Amino acid sequence: MKKGKKNRLDEMQEQKMLRIEHNCCWLAFFGLFAVILVQLLYYGMEEAERFAGEWIVFMCMAVYIVAACIKNGIWDRRLRPSFQTNLYASAAGGLAGGFIRFLATYRECGDLWTALRIGGIVFLCILVVCTAVMSLGVFLYRKRVERLDAEAEMESGDEEGEETGGNGK
Amino acid sequence: MARNIAIKVARAEKDMTQKALAEAVGISRQTMNAIEQGEYNPTIKLCRSICRVLGKSLDDLFWEDE
């Protein structure tokens, strides 16, 4: 857009277009997630190749969002990057994953105890893996912010306290 | 977009570092730096916040002479 054709949208239209694209992106993201879950429940993990395409696109979107945010020193609009937050988010994901696996197993074998055990194992696995991955993300985010701050300091050319004494216009 | 020297001068007059100004305005240091470097075009709301903290008018900080 920048190098090629001239942007025909004015400022407000541009903002609205970004908003539309933003909504469309999240619709695609959660739409894919829902499709994967439905297919997982319907076919089970034994026929995972049926939804491999959706899973690859979903993971590409997830990896892109995380990588782009960390590169730009952004974590989240509301959540703080802390171990406690990571633990809660991982537990929520683990509960959802464990419940889905429980339903899928119960549907396949009909044994409640086996389904509960497998659901519990999946919950624990997701909890541990997600907490570890998110902690790594927080570590990378903090390193990146430090680097961006250092770059900003170099570009602005001011060290802490350098300007004391003020130089007028 | 040209670099915004006026903001740098105004915060120097107030003995403020870029980090201190960013915190006072409620934005990240990277954003403040991008504004000073002319890499980011802030909204009028953010311009007014910066002006308020530095005690300057919009013209003082954001008007570009041809």
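How many nonpolar, polar and charged residues does the lining of the second largest pocket have? In this predicted model, local features need pLDDT of at least 70, side-chain atom pairs count only at pLDDT 80 or more, and totals for chains, interfaces and linings use all residues. Residues are numbered from 1 along each chain as its sequence is written, chains are lettered from A and ligands numbered from 1 in the order in which they are written, and side-chain values use heavy atoms, with hydrogens and water left out.

The lining of the second largest pocket has ten nonpolar, three polar and three charged residues; here Ala, Val, Leu, Ile, Met, Phe, Trp, Tyr, Cys and Pro count as nonpolar, Asp, Glu, Lys and Arg as charged, and the others, Gly among them, as polar. A pocket is an open set of points on a 1 Å grid over the protein atoms alone, with protein on both sides within 12 Å along at least five of seven lines, whereas a cavity is a set of points where a 1.4 Å probe fits but cannot get out; lining residues have an atom within 4 Å of a point. The second largest pocket has a volume of about 240 Å³, a volume being the space filled by probe spheres set on the points, which are joined across faces, edges and corners. Among its 16 lining residues, A2(B), N4(B), L61(B), F62(B) and E64(B) are the closest to the centre. Helices α1 (5-13) and α5 (58-62) of chain B each supply at least two residues of this lining, and α5(B) gives the most, with three. Helices here are DSSP runs (H or I, at least four residues), numbered from the N terminus.

We turn next to the cavity. The count comes to one cavity of 30 Å³ or more, and the largest cavity has a volume of about 30 Å³. Its lining is made by S156(A) together with R3(B), N4(B), I5(B), K8(B), E36(B) and Q37(B). Two or more of these residues come from each of α1 and α3 of chain B. One residue of the lining is nonpolar, three are polar and three are charged.

Helix α3(B) is largely enclosed by the rest of the structure, because eight of its nine residues are buried (under 20% relative accessible area, with exposed being over 50% and partly exposed in between, for a 1.4 Å probe and protein chains only). The buried residues are R29(B), Q30(B), M32(B), N33(B), A34(B), I35(B), E36(B) and Q37(B). They pack against α4 (112-156) of chain A, and against α1, α2, α4 (44-54) and α5 of chain B. G38(B), with a positive phi near 80 degrees, follows α3(B).

Helices α2 (18-25) and α3 (29-37) of chain B pack at an angle of about 110 degrees, with their axes 9 Å apart; axes are lines fitted to C-alpha atoms over the stretch in contact, and angles run from 0 to 180 degrees between N-to-C directions. The two helices are therefore roughly perpendicular to each other (65 to 115 degrees, with under 35 roughly parallel, over 145 roughly antiparallel and the rest oblique). Their contact (heavy atoms within 4.5 Å) joins Q18(B), K19(B), L21(B) and A22(B) of α2(B) to R29(B), M32(B), N33(B) and E36(B) of α3(B). In chain A, the axes of α1 (11-43) and α3 (83-109) come within 8 Å and cross at roughly 25 degrees, so α1(A) and α3(A) are roughly parallel to each other.
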